[in-house]
Amino acid sequence: MQEATLTTLTIAFLGIGLMGHPMATRLAQAGWTVHAWNRSPAKADALRSAGAHPCSELDDAVRAADIVISMLASGAVVGELIDAALPSLRPGALWIDMSSTQHGEALAFHARLAAGQVRFVDAPVSGGVAGAQAGSLAIMAGGAPDDFAEAEPILRAMGRPTLVGPAGSGQVAKLCNQLIVGGTLNIVAEALLLAQAAGANPAAVRDAIRGGFAESRILELHGQRMLDRNFIPGGQVTSQLKDLQNVLVAAADAGLVLPVTALVTENYRSIAADLPRADHAAALLALEKINPGQRLGTAPDQLPPDRC
């Protein structure tokens, strides 16, 4: 695709949530024609000021689209929308699913769309709301090389895309990412709580080990969140739990046992009912729950108002 023709494309963006809003905003501000759709129309209407065109009906959003991008809560919702949109999709259109789904679901979406002469790339993301706002998301894409080449300029407006293999491979990469993120969040929580319980200053311990082999973005950003007890989301407990459950499904399908992931999943499950929308740094709260009387620091908990 020639650079000069890029902004003549029409993009349907489906799912204007916590992540979808800044992602769609960046596409509209980059000059593409963006038709925004959400089940709650007010969320799509909020993109009007960014230059997007809100659509109250799904058919209206996708009918003229060269590219459809979905950023939705689950694979089940993606599947429902694919079924609903297929009769209105243009043959040869490209559907890019940026949601986090199971590997098997992504393969099923690919087959379903191919039967309707629609191409497919799965391109889940990592980087949270801040990354979506900054256009710095890590984007893990699975699909045919030609389809990825067509999608790449659009994906670059939202972050750093990498083709990791055929359709479905993006979801495998995202699951690997979430396995590392979820596990590291829990380990950082354990380290900070141990530091305090054993008599050290946890903030000073965090500073001391930064720059060594323990350094990570999670220690830097979420370690500070835990010290501040700031659990206003970014990434959410419910999303982290969903992703880790999908990791375990993929592991079972591949004949693997992942004991650390299983433990981390249970930690998130223990707080998901009470704190579904808390930041996934709330792994600290799950740890404190099984250590009665232990609490990191003295700051009050900052939690989302719609915590339940």
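What volume does the second largest pocket have? About 180 Å³. Before I go on, a word on what we're looking at: this is a predicted model, where local features need pLDDT of at least 70, side-chain atom pairs count only at pLDDT 80 or more, and totals for chains, interfaces and linings use all residues. Residues are numbered from 1 along each chain as its sequence is written, and side-chain values use heavy atoms, with hydrogens and water left out.

Okay, back to that pocket. Rolling a probe the size of a water molecule over the atoms shows where empty space is left. Here a pocket is an open set of points on a 1 Å grid over the protein atoms alone, where a 1.4 Å probe fits, with protein on both sides within 12 Å along at least five of seven lines. Lining residues have an atom within 4 Å of a point. The volume is the space filled by probe spheres set on the points, with points joined across faces, edges and corners.

So who lines the second largest pocket? Among them are His 103, Val 172, Leu 175, Cys 176, Val 247 and Leu 258. Helix H8 (169–197) and helix H11 (237–253) are the elements that give two or more residues, and H8 has the largest share, with four. Helices and strands, by the way, are DSSP runs numbered from the N terminus (H or I, at least four residues, for helices; E, at least two, for strands). By class, that lining has 10 nonpolar residues, one polar and no charged. Nonpolar covers Ala, Val, Leu, Ile, Met, Phe, Trp, Tyr, Cys and Pro; charged is Asp, Glu, Lys and Arg; the others, Gly among them, are polar.

Since Cys 176 came up, let me do the cysteines. Cys 176 counts as partly exposed because its relative accessibility is 45%, while Cys 55 is buried, at 12%. The cut-offs are under 20% relative accessible area for buried, over 50% for exposed, and partly exposed in between (1.4 Å probe, protein chains only).

Next, the inside. A nonpolar core is a set of buried Ala, Val, Leu, Ile, Met, Phe, Trp, Tyr and Cys residues joined through side-chain atoms within 4.5 Å. The largest one has 35 residues, and Met 23, Leu 27, Ile 69, Ile 96 and Met 98 have the most contacts inside it. Elements supplying at least two residues each include strand E1 (10–14), helix H1 (20–29), strand E4 (67–70) and helix H7 (145–156). Apart from this core lies another, of 29 residues, with Leu 193, Leu 241, Leu 296 and Leu 303 among them.

Take a look at Ile 69. Leaving aside neighbours within four places in sequence, Ile 69 is in contact (heavy atoms within 4.5 Å) with residues including Ile 11, Phe 13, Leu 27, Ile 96 and Met 158.

Met 19 sits in the loop between E1 and H1 and counts as buried because its relative accessibility is 16%. Not counting residues up to four places away, Met 19 touches Met 71, Val 125, Gly 128, Val 129, Ala 132 and Leu 137.

Are they buried or exposed? Gln 117, between helix H5 (103–115) and strand E6 (119–122), is exposed, at 57%. Arg 229, in the loop between helix H10 (217–228) and H11, is buried, at 1%.
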